[in-house]
Amino acid sequence: MFAGIAIIVALATTCQLLARIIRLPALLLLLPAGFAAGATIGFLDPARMFGDLFSPLVGFAVALILFHGGMELFEQPLGHKDRRLIRTLVWVGGAFTWACATLAVLWLFGLPQNLALLAGAILIVSGPTVVGPLLDFVRPTTRIRRILAWEGTLVDPLGALVAVIVFSGVQASRLGNHKEGLAAFLLGIGVGVVGAAVGTILIR
C-alpha cells in the first residue's frame, strides 16, 4: 500500500511541477498520467489499497473540494443578470451535456442504454478542480471568471444527484426489486439532508 501511495504522490507532484514549467493546466497532465499508471502498474488499485476506507475517503475529498469552492464563491457576489445566466448554464447546460454525453457513449462504446445514461450523468460534473486550473490558465475577464466559477461549483451537486438517481434505477432494474432501490436512495438523500443541516448550523 505504501509503495502505491508513494507512486501516486510522486506522479502528482511531477505533473504539477511539469505543468508549471510548460505553462499548461496540471489537469492535462494528471489525467493521462493517472490512466497510464492504472493501466501499466498492476498493484496501483486504490480500491484494493484502501479497502473499505476507499469510498469514505473519496466522499470526504469531494466534500472538502466542494466546501472550499463554495466558500470562495462568497467572495464573488453576483448581479441579477449573472444569476439568471448561471441558472441557465447549470440546468439547461447540464441537461444538454447529459444528452450529448449519453449519445456519445452509445455511439463510441456501444454500451447498454442504462449504462450510457449513467455515464452521461457522471460527465455532467465539472467542479472547481477542473474549472479552476483552466480559468487560471486562460485568465478571462473578472465577470466571466466569476460566472464560470459559480457554474462549475453548482453543477457538481446537480450532476452527482442525477448520477445517484440513475445508478439507483440501474441497480434496482438489475436486482428486479425497485422498492429496495428506492428505499436505499431515499435513505441516502435523508442522510445527506441531515448532514447538510448540521453543517449549516455549525458554520453559523
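A salt bridge is taken here as a side-chain nitrogen of Lys or Arg within 4 Å of a carboxyl oxygen of Asp or Glu. The model is a predicted one, in which local features need pLDDT of at least 70 and side-chain atom pairs count only at pLDDT 80 or more, whereas totals for chains, interfaces and linings use all residues. Residues are numbered from 1 along each chain as its sequence is written, and side-chain values use heavy atoms, with hydrogens and water left out.

**Exercise 1. Find the salt bridges and describe how they are connected.**

Step 1. The count for the structure is 2 salt bridges. In one, the side chains of Arg 146 and Asp 82 meet at 3.6 Å, N to O. Because Arg 146 belongs to helix H8 and Asp 82 to helix H5, this pair ties together parts that are 64 residues apart in sequence.

Step 2. Asp 82 also forms a salt bridge with Arg 143, where the closest N and O atoms are 2.8 Å apart. Here too the partners lie in helix H5 and in helix H8 (residues 142–175), so parts 61 residues apart in sequence are tied together. Helices (H or I, at least four residues) and strands (E, at least two) are DSSP runs, numbered from the N terminus.

Step 3. Taken together, Asp 82, Arg 143 and Arg 146 are linked in a network of salt bridges.

Step 4. For the burial of these residues, buried means under 20% relative accessible area, exposed over 50%, and partly exposed in between (1.4 Å probe, protein chains only). Asp 82 is buried at 6%, and Arg 146 is buried as well, whereas Arg 143, at 41% relative accessibility, counts as partly exposed.

**Exercise 2. Determine which residues make the nonpolar surface patch, and which elements supply them.**

Step 1. Patches are made of residues with over 30% relative accessible area and no salt bridge, with like charges joined within 9 Å and nonpolar side chains (Val, Leu, Ile, Met, Phe, Trp, Tyr) within 5 Å.

Step 2. Leu 18, Ile 21, Ile 22, Leu 24, Leu 28, Phe 137 and Val 138 make a nonpolar patch of about 670 Å². Helix H1 (2–22) and helix H7 (128–138) are the elements that give two or more residues to this patch, and H1 gives the most, with 3 residues.

Step 3. Ile 21, which is placed in helix H1, is exposed, with a relative accessible area of 66%.

**Exercise 3. Describe the largest nonpolar core and the fold around it.**

Step 1. A nonpolar core is a set of buried Ala, Val, Leu, Ile, Met, Phe, Trp, Tyr and Cys residues joined through side-chain atoms within 4.5 Å.

Step 2. The largest such core has 13 residues, and those with the most contacts inside it include Ile 86, Val 90 and Leu 158. At least two residues each come from H5, helix H6 (113–122) and H8, with the largest share, 7 residues, supplied by H8.

Step 3. The protein chain has 9 helices and 0 strands, and 23% of its 204 residues count as buried.

Notes. Areas by Shrake-Rupley, 256 points an atom, 1.4 Å probe, with all protein chains shown as cover.
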